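These are my notes from going through a structure that was new to me.

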Number of protein chains: 2
Amino acid sequence: MLSAAKRLNYFPQRHARGLASKKSNAISIVIPYFTNYFFIEVLQGVQDKAAELSVDLMLYGVNNPAEAELYLRRSLHYGHVDGVLFFSMNFPESCVGRFKEMGLPVVLVDAYHPEFDSLRVENREGAHTATAHLAQLGHRTIGMINGHLGAQPAQERMAGYRDALEEHGLDFSMDLVKAAPRQRLDGFNKEWGDTAMRALIRNSTPANHMTAVFVASDVQAIGAMGAARRMGLRIPEDIAMVSFDDIELAQHFELTTMRQPMYHIGALALAKVMERIDHPEAPPSVSTFVPELVIRRTCGAKESRENEMSVLHDRIQLEESGT
Amino acid sequence: MLSAAKRLNYFPQRHARGLASKKSNAISIVIPYFTNYFFIEVLQGVQDKAAELSVDLMLYGVNNPAEAELYLRRSLHYGHVDGVLFFSMNFPESCVGRFKEMGLPVVLVDAYHPEFDSLRVENREGAHTATAHLAQLGHRTIGMINGHLGAQPAQERMAGYRDALEEHGLDFSMDLVKAAPRQRLDGFNKEWGDTAMRALIRNSTPANHMTAVFVASDVQAIGAMGAARRMGLRIPEDIAMVSFDDIELAQHFELTTMRQPMYHIGALALAKVMERIDHPEAPPSVSTFVPELVIRRTCGAKESRENEMSVLHDRIQLEESGT
DNA sequence: TTGAAAGCGCTAACAG
DNA sequence: CTGTTAGCGCTTTCAA
């Protein structure tokens, strides 16, 4: 007879069920700066996948590194979450052991640790492609606007930039690289793009005339374009530019940029934790996304084969590697 | 002796505590389109306040009206949440009774219902101010680019637009209003801004020449500016424009716009649910924010007294009204 | 197969 | 004031 009552408008009580079954059907997501357009688009992917699988999402936005650790510990101890998605930050070494002991699944997004599943973007390769594109267009003095070097993506993108310069026999010099100081969003914001661009333009001498710049993110590129305009320089005629991310706005600004399948990354990240929950013993897997060059106006390459017509064709390499 | 063990690295188990105490220390937030810049900024406020008060946030992004109701019911039945923040949608009448019965606190943001706490933005008054500003600048034919009329803010903003026209002895005509069809983000997106602007410009005749437009949101305004530029019209010289929201990007585009204190709204919303949890019997309260005109470039008013210098001075009227 | 009983780890109410 | 105990509403296990 109880089952009869259950049939109609009955929902299990979450805490009771959680206590008894030791499962919560929720995932916590620890993410920096979700005010950043990049993360928004990733979040959308996570959210849609979560809805599809009916898992609840606990949102922890972290505004500084200390908070990240706090939220991780909370996710652990509360035991209220079946897994965690950890975004774009260095996973604190101090937490590795505890997560392993408790068997709490973690998937790192845009980050890496040998002990956990991860979902990486080939920042280095992407930056290389971007810079090489500029070099192939004939530019000999290519600057770079970067984020704070404490951020892993910033380091990787600089490495790729450097690779490309070397490959094309161009000199690398920190005079041409404007890395952000520690600041809001690790410098991945319009303001730093603006400031850095002005500095780059001021530094440019007739002897060493900068004609192109690789910008580590689209948001910075937007700021940089503003700065160039105000200083009377045209993009791409005076300074060619390629950036990174391909956020929604990139199209509006006609940015040539390295596309990251953000929505897709988010969705896959969620799918991965769920998978890991079901198969705790599988060896850590790493999925790698390689960003794609999308040619629009800012790079000055008129002839564009891929251009807007390019279908979003995520080249995903999935390599499962044993422990 | 147990208390000794508790002292060191002990965290209560969430579900056990929840079961026993019937409290979860979590709030669910039901929000549409969080991919919209407006909501992002609000969310940031909610999140920061939540961190401050150590409450957890369950994120439910709704992509269509049916989902909203689903998530509400889930929040209710699961009993896993101490309150809910409901954003910018019509609160389903079918849920009112159940929330009241269960005594689950709700606060509506940018929405209204007599039974619940709410936190409203004076859309109508804001739209009025925006349109009146244009009229005072001498414009006689002022168009409007709006979102989908099913959305409450869209209706209210149109009403305010209409008020201002009447007040200045100008004719209201649906020929001058481009309301979005039902679509992504209720038409509050760049694409609709673009489309609507083109339509408005095409419709403009020498006899009835549109010289200004009130745009219901900044994002749409960005699209609209693109359209105008492509059609060879200058903003503000050929078409003056004022929009709504004052998202971060508004500054970059030099939009004259109605500022809403989004971060503040988010933070206050969270504070309100917490307050309501502690005082379930207090009569529903409604807090009203009135948007402020921020004069930048797009309206063509060269002389700007307020301008960028205007301090963010949220005029908040708090009127507590009995049931 | 179906139904009763024993916890899950806490909090709250109660007794000492 | 401190220590003990009875549930909270489920799932799981075990007996019928």
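**Entry 1: a sheet in chain A**

Which order do the strands of the open sheet of chain A have? I am working with a predicted model. I read the order as β7-β6-β8-β9-β10-β12, which makes 6 strands with mixed pairing. I then looked at the edges, where β7 (177-180) and β12 (292-294) of chain A stand. Each has a single partner strand, so one side of each is left without a neighbour in the sheet. I noted the twist as well, and it averages 20 degrees from one strand to the next.

Inside this sheet I picked one pair. Strand β9 (residues 240-245) and strand β10 (residues 257-259) of chain A run parallel and are joined by 3 bridges. I looked up the bridge partner of Asp245(A) in β10(A) and found Arg259(A).

Next I asked what packs on the sheet. Helix α6 (residues 123-136) of chain A does, touching β6 (142-148), β8 (212-215), β9, β10 and β12 of chain A. Its direction makes about 165 degrees with that of β9(A). Helix α9 (residues 218-230) of chain A packs on the sheet too, and touches β6, β8, β9 and β10 of chain A. For α9(A) I noted an angle of about 150 degrees with the direction of β9(A).

**Entry 2: a covered strand in chain B**

I turned to strand β5 (residues 117-121) of chain B. I found it mostly covered, with 4 of its 5 residues buried. I checked its partners. Strand β4 (residues 106-109) of chain B runs parallel to β5(B), and 3 bridges join the two. Here Leu119(B) in β5(B) has Val109(B) opposite. Strand β11 (residues 285-289) of chain B is also parallel to β5(B), joined by 4 bridges. In that pair I saw Ser118(B) opposite Val286(B).

**Entry 3: a helix in chain B**

I looked up helix α8 (residues 190-203) of chain B, which has 14 residues. From first C-alpha to last it reaches 20 Å, close to the 20 Å expected at 1.5 Å a residue. Its buried residues include Trp192(B), Asp194(B), Met197(B) and Leu200(B). What covers the buried residues of this helix? From chain B, the cover includes β6 (142-148), β7 (177-180), β8 (212-215) and α9 (218-230). It also includes α10 (248-252) of chain A.

**Entry 4: where the chains meet**

I found 25 residues of chain B in contact with 25 residues of chain A. On the chain B side, the elements giving two or more residues are α2, α3 (37-53), β2 (56-62), α4 (65-78) and α9. I sorted that side by class and got 9 nonpolar, 13 polar and 3 charged residues.

**Entry 5: the DNA strands**

I listed what lies around DNA strand C. The residues include Leu19(A) and Ala20(A), along with Gln13(B), Arg17(B) and Ser21(B). The elements that give two or more residues are α2 (14-21) of chain A and α2 (14-21) of chain B. Of the elements, α2(B) gives the most, with 5 residues. By class I noted 6 nonpolar, 2 polar and 1 charged.

Which residues surround DNA strand D? Among them are Gln13(A), Arg17(A) and Ser21(A), with Leu19(B) and Ala20(B). I noted that α2 of chain A and α2 of chain B each supply at least two residues of this surface. The largest share near DNA strand D, 5 residues, comes from α2(A). The classes here are 6 nonpolar, 2 polar and 1 charged.

Conventions. Residues numbered from 1 in each chain as written. Chains lettered and ligands numbered in written order. Predicted model: local features only at pLDDT ≥ 70, side-chain atom pairs only at ≥ 80, totals over all residues. Expected span 1.5 Å × (residues − 1). Buried ≥ 20, exposed ≤ 12 C-beta atoms within 10 Å, placed from the backbone. Contact = placed C-beta atoms within 7 Å. Near = placed C-beta within 6 Å. Nonpolar A, V, L, I, M, F, W, Y, C, P; charged D, E, K, R; others polar. Pairing = 2+ DSSP bridges. Axes fitted to C-alpha atoms, helices over the stretch in contact; angles between N-to-C directions.
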